[in-house]
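Subject: Structure handover

Hello,

Here is the structure I said I would pass on. Please open it next to this email while you read.

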Amino acid sequence: MKQWPAYQALAEYGNEAKQRHLASLFTENPQRFEQFHAKLPGMLFDYSKQNISAEERNSLLELAEQANLKQWIDKLFAGEKINITEDRAAGHVFLRDLTNPKAEVKAEWQKMETLVKRIHSHQLRGFSGKPFTDVVNIGVGGSDLGPLMITHALDDSKLADAPDIHFVSTLDGKQLQSLLKTLNAETTLFVIASKSFTTIDTLSLARTAHEWISSFSQSEQGIKQHFIGLSTNQAKMDEWGLLPDHQLLFWDWVGGRFSMWSTIGLTIALQQGMSGFYAFLQGAHEMDEHFRTTPFEKNVAVLMGLIGIWNINLLGLMGQAILPYDSRMKYLASYLEQLEMESNGKHVTRDGEKVNYRTCPILWGEVGPNAQHAFYQLMHQGTERVMADFILFAKPTDQKPRTVYHHNLNIANCLAQSRALMIGQKGENPHKDYPGGQVSSTILLDTLDARHLGMLIALYEHKVFVQSVIWNINPFDQWGVELGKKIALQILQQIENRDLTDLDASTQGILTNLWKTQNEN
Ligand SMILES: O=P(O)(O)OC[C@H]1O[C@](O)(CO)[C@@H](O)[C@@H]1O
């Protein structure tokens, strides 16, 4: 990044920008909103509350040109193998192009549609002949967080004949244990979602679910009706014993954290119907087209990515808050934590050189109105300078007076917080001083529905991609998660054998005390 000529100008601008107060940009320029927002149908992106001037933005746009961003976008959409460490394309964008689907994708959509119909019409039934009322998605990371977020957000518009959808992911087994207490085995269908179909978290839970169903039925064929698999690994699904028409495939060119656009989105289709799932894909495709074809200065994803670069690399901000002002977006922050930090949490360039600049910031977040009563104190008066994304939906869910009142109250709070963080206020004593100057962007979507959610998530995916290009890192692999998994398997064996050999003193000490406590009970 630092080799590009535009970076030198940016470094100087950055030092100047650190000296000014964000609020002064508004007093100096009444046209600031006009000049620092971008729009596309259904979405407005306001970045006027970022500490950036028009010249600084121009230099960022030049940096994008010099880093060959346009060529990288073309490579992404051409399906080139840009995930070099795994020798794969990153093809999630192809899943969303419904007018021009790949043959293998079309075939799988058809299979998914058939399965959804069989479940909705009660053709598919459990071991005792009863239809399914509940579906439990067993998966983790990308095989959990996307569908969890979307089905939670869209629960109000669930189809009348849709089953209730539940999610379990944690290998401690507690989530599954307490969920099973509320379910009827005769009417519960499990979806085993795993790109690799080797993840121990998912397979251990799937085995527990299988034991649970088996404790109610002796019929092998009947038990098989209760399980569906979603994976790229057909052989492993066969080995597990899944029926062929209970297997939905996707492909290695779909990354785990980009997989809810594939058959991993089955629970979304079960809740919203295939038309709802396609609306979700369509929204994402609209964002893909915007990203692919819009000049950089009006391109929301490019601007969002570049503003992140400005904040992180030139202004030194390392915390990114995600603040949706709608409780239906409860899981957005968890989802984006994986999307951004698993993608861009890298310390070497595509060529394997150690970077000499910062990459992905630390993301955290919460539904805005709750976060106001939790961590906003730090943002208003702490010592950390952070950046925030406020996400707001324009339309209330209905026109009932109480609904409209709550909606307006919510909007007022969102706007009050971004304004207070920006302008600050001098207090009667230092304890009541608000320094202000905390930067934010606001994403205003027309309404919360499948299409707009598709647009929002694709926007963040492309922002991540833009930043990866500027940082010259590969956002599509995740080698960092492997070491812990490997060590966990070794330690599990050592726990089972009560063996402390070659473990560090801390691990030995914890295990010794843990075993002692277990023996006491
Ligand atoms: O879908 P799988 O193969 O079970 O993997 C689950 C998750 O595990 C990870 O590999 C990280 O451990 C994620 O990238 C992925 O989304």
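Below are the notes on what was found, taken topic by topic.

First, the ground rules. This is a predicted model, so to speak of a local feature requires pLDDT of at least 70 and side-chain atom pairs count only at pLDDT 80 or more, while totals for chains, interfaces and linings use all residues. Residues are numbered from 1 along each chain as its sequence is written, and side-chain values use heavy atoms, with hydrogens and water left out.

**The ligand**

Serine 194 has a side-chain N or O atom 2.6 Å from an oxygen atom of the ligand. Glycine 142 uses its backbone: a polar atom there is 2.7 Å from a ligand oxygen. For lysine 485, a polar side-chain atom lies 3.3 Å from an oxygen of the ligand. The ligand taken alone exposes 390 Å², and the protein buries 86% of that. Accessible areas come from the Shrake-Rupley method with a 1.4 Å probe, and for residues only the protein chains shown count as cover.

**Salt bridges**

How many salt bridges are there? The count comes to 21, where a salt bridge is a side-chain nitrogen of Lys or Arg within 4 Å of a carboxyl oxygen of Asp or Glu.

One of them pairs glutamate 286 with arginine 451, with the closest N and O atoms 2.9 Å apart. This pair links distant parts of the chain. Glutamate 286 is in helix α13 (residues 266–293), arginine 451 is in helix α19 (residues 450–471), and 165 residues separate them. Helices (H or I, at least four residues) and strands (E, at least two) are DSSP runs, numbered from the N terminus. Glutamate 286 is partly exposed at 24% relative accessible area. Arginine 451 is partly exposed too, at 25%. The classes are these: buried is under 20% relative accessible area, exposed is over 50%, and partly exposed is in between (1.4 Å probe, protein chains only).

Another salt bridge joins glutamate 289 and arginine 292, at 2.8 Å from N to O. These two are about one helical turn apart, because they sit three residues apart in helix α13. Glutamate 289 is partly exposed at 27%. Arginine 292 is partly exposed at 33%.

Then there is aspartate 477 with lysine 346, also a salt bridge, at 2.8 Å from N to O. It links distant parts of the chain, 131 residues apart. Aspartate 477 is in the loop between α19 and α20 (482–496). Lysine 346 is in the loop between α15 (332–344) and β9 (362–365). Are these two side chains' residues buried or exposed? Aspartate 477 is buried at 5% relative accessibility, and lysine 346 is buried at 16%. Elsewhere, salt bridges that share partners join Glu86, Arg88 and Asp252 into one network.

**Buried residues**

Isoleucine 228 lies in strand β6 (residues 227–231). Its relative accessibility is 0%, so it counts as buried. Leaving out residues up to four places away in sequence, isoleucine 228 touches Leu115, Ile119, Leu189, Phe190, Val191, Ile192, Leu242, His246 and Leu266. Contact means heavy atoms within 4.5 Å.

Leucine 243 is in the loop between α12 (234–240) and β7 (247–249). It is buried, at 16%. Beyond four places in sequence, leucine 243 touches Gln221, Lys224 and Gln225.

Serine 53 sits in the loop between β2 (43–46) and α4 (54–66). It is buried at 12%. With neighbours within four places set aside, serine 53 is in contact with Arg20 and Phe36.

**A surface patch**

Leu171, Ile200, Leu489 and Leu492 make a nonpolar surface patch of about 380 Å². Patches are made of residues with over 30% relative accessible area and no salt bridge; like charges are joined within 9 Å, nonpolar side chains (Val, Leu, Ile, Met, Phe, Trp, Tyr) within 5 Å. Leucine 171 is in the loop between β4 (164–168) and α9 (174–180). It counts as exposed, at 53% relative accessibility.

Best wishes

Note on methods. Polar contact = N/O pair within 3.5 Å; in protein donor to acceptor, adjacent residues only side chain to side chain.
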